Amino acid sequence: MTTQRIAFLDVDGTILEHGQVIAPSTVTAVRTARANGHLVYLCTGRSDGDIHPRVREIGFDGAITNGGAFATRGDELVVSHPMPRADTDRLVAYFEEHGIHYFLQTHEAVFASDGIGELAADFFRQLRERHADQLRELGLDDGDEPAPMISYRPLAEVDLDEVAKTTFISERSDSLDRAQADLGDRFHVIPGSIPMPGGSNGEIALLGTNKGAAIVEVLDLLGIDAADAIGIGDSWNDVEMFDVVGTAVAMGNADPELQARAGRVTTSVLDDGVWNAFVALGLA
């Protein structure tokens, strides 16, 4: 019998590109691996409530979301690490003091500060238009109206006791560096995994809350050895995932430094990257 393995897949830049497009081979790869008896989990910085419907339709065994704050097995929530309220209050006060636009993420949804939703929506619309010709050439533009790249609700509706992660956009080019210096005593501040407008953007979670830590919890729950785990991603929030799995794979569109960190590199997101990785590793 073939040893059952488990693959953890990042979403943006690994499964999903330009906010709306999935290579058909990626769908085939995931479904074939599961049919062959392997497990496939999402492992994303997104909120569970903000996972693109086309990604959900592929079918997965579970999901790590909010960069490792939450995890589900099937429909069961098995990991839950929201921030203490004092930490959320500190982040909100920091953003407001420095005039930074931000999203607050809970397990269920994303909540937008005033103005950020419109700013992001316009940016993503321009991004889709710039890549329209490439998508048509690849036969991946089906003409459907795309779902929003980020689905969000008004900030006034958020339960501040349930926030697990924040994403920010700033017009200043040094905001990421400043946030790392000002908040690094308590928080993990990294470049954003979804391309955003502005001078700089980033993601902030509590120190110790990351994809790698959540994977360790999930593997322990499932009784699977880390040597049988695969992690595939393209962003800096995938570093801790690469550190804990037996096989780390960077996408061909990832930063060269991240590719070096992973050691193994597949092709890019729209060039059958997930499929080629699964075939090379014997899952499909």
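Axes here are lines fitted to C-alpha atoms, for helices over the stretch in contact, and angles run from 0 to 180 degrees between N-to-C directions. Helices (H or I, at least four residues) and strands (E, at least two) are DSSP runs, numbered from the N terminus. The model is predicted: local features need pLDDT of at least 70, side-chain atom pairs count only at pLDDT 80 or more, and totals for chains, interfaces and linings use all residues. Residues are numbered from 1 along each chain as its sequence is written, and side-chain values use heavy atoms, leaving out hydrogens and water.

Start with helix H1 (residues 24-35). H1 packs with helix H10 (residues 273-280) at an angle of about 35 degrees, their axes 7 Å apart.

Now the sheet. Eight strands form an open, mixed sheet in the order E5-E4-E3-E2-E1-E12-E13-E14; two strands pair if DSSP finds at least two bridges between them. Strands E5 (76-80) and E14 (264-265) stand at the edges with a single partner strand each, so one side of each lacks a neighbour in the sheet.

Which side chain does Lys-211 meet in a salt bridge at 3.1 Å, N to O? Asp-10 is the partner. A salt bridge means a side-chain nitrogen of Lys or Arg within 4 Å of a carboxyl oxygen of Asp or Glu. Lys-211 lies in helix H7 (residues 211-222) and Asp-10 in the loop between strand E1 (6-9) and H1, so the pair ties together parts 201 residues apart in sequence. Lys-211 is buried at 0% relative accessible area (buried is under 20%, exposed over 50%, partly exposed in between, with a 1.4 Å probe and protein chains only). Asp-10 is buried too, at 2%.

Asp-238 also forms a salt bridge with Lys-211, at 2.6 Å, N to O. Shared partners join Asp-10, Lys-211 and Asp-238 into one network.
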